[in-house]
Amino acid sequence: MKNSSQNKGGLSPRKAKNFWGTLRRLMTYMANRIWGVLLVLVLTIAATIFTTLTPKMLGRATTEIFRGYQEGMALRESGQTVDVLPINFDLIGEILVMVFILYISAGLTSVA
């Protein structure tokens, strides 16, 4: 039976001896690359935001389709003849264009 403090390799993890000193040395080394590091951080955050927003936008399109379906079914139940469901395809088109832009933006920021 393994000790709970051992990892899969069988060795116990070791605590860093001088964490803050090592971090300071790393920051000194990265000082001339700080703008690149910040750019990567900003692009990563942007890609995450874009990727998170796209399903929400697709949900708006789905809700709009369902709303039109419900409205059409309500009209049929009231006795009116409904040849075409009153779905707002212009709004759905705008939403899908926005989703496309968000996916392209997420792809570009995650590759950069």
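Helices here are DSSP runs of H or I with at least four residues, strands are runs of E with at least two, and both are numbered from the N terminus. What we are looking at is a predicted model, in which local features need pLDDT of at least 70 and side-chain atom pairs count only at pLDDT 80 or more, while totals for chains, interfaces and linings use all residues. Residues are numbered from 1 along each chain as its sequence is written, and side-chain values use heavy atoms, with hydrogens and water left out.

I turn to the overall form. The protein chain has three helices and zero strands, and along the sequence the pattern reads α-α-α. Its radius of gyration is 27 Å, well over the 13 Å that the globule rule gives for 112 residues, so the chain is more spread out than a compact globule. That radius is taken over C-alpha atoms, and the rule is 2.2 Å times the number of residues to the power 0.38. Along the principal axes, the C-alpha atoms fill a box of roughly 80 × 50 × 20 Å.

How much of the chain is buried? Buried residues make up 15% of the 112 residues. Buried means under 20% relative accessible area, exposed means over 50%, and partly exposed lies in between, with a 1.4 Å probe and protein chains only. The chain exposes about 9400 Å², and carbon and sulfur atoms supply 66% of that area. These areas come from the Shrake-Rupley method with a 1.4 Å probe; for residues, only the protein chains shown count as cover.

Let me return to leucine 38. At 37% relative accessibility, leucine 38 counts as partly exposed. Leu38 belongs to a nonpolar surface patch together with Ile34, Trp35, Val37, Leu41, Ile45, Ile49 and Leu53, and their accessible area together is about 750 Å². Patches are made of residues with over 30% relative accessible area and no salt bridge; like charges are joined within 9 Å, and nonpolar side chains (Val, Leu, Ile, Met, Phe, Trp, Tyr) within 5 Å.

Next, the charged pair. A search of the whole structure finds one salt bridge, meaning a side-chain nitrogen of Lys or Arg within 4 Å of a carboxyl oxygen of Asp or Glu. Glutamate 64 forms this bridge with arginine 67, and the closest N and O atoms are 2.8 Å apart. Both residues lie in helix H2, three residues apart, about one turn of the helix. An α-helix has 3.6 residues a turn, so residues three or four places apart point the same way. Glutamate 64 is buried, at 10% relative accessibility, whereas arginine 67 is partly exposed at 46%.

What else does glutamate 64 touch? Leaving aside neighbours within four places in sequence, glutamate 64 is in contact with Ile87, Asn88, Leu91 and Ile92, where contact means heavy atoms within 4.5 Å.

Finally, helix H3, residues 89–111. Its 23 residues reach 33 Å from first C-alpha to last, close to the 33 Å expected at 1.5 Å a residue; the expected span is 1.5 Å times one less than the number of residues. Ile92, Ile95, Val99, Leu102, Ala106 and Thr109 are buried in H3, and what covers the buried residues of H3 includes H2. Leucine 91 also lies in H3, and counts as partly exposed at 25% relative accessibility.
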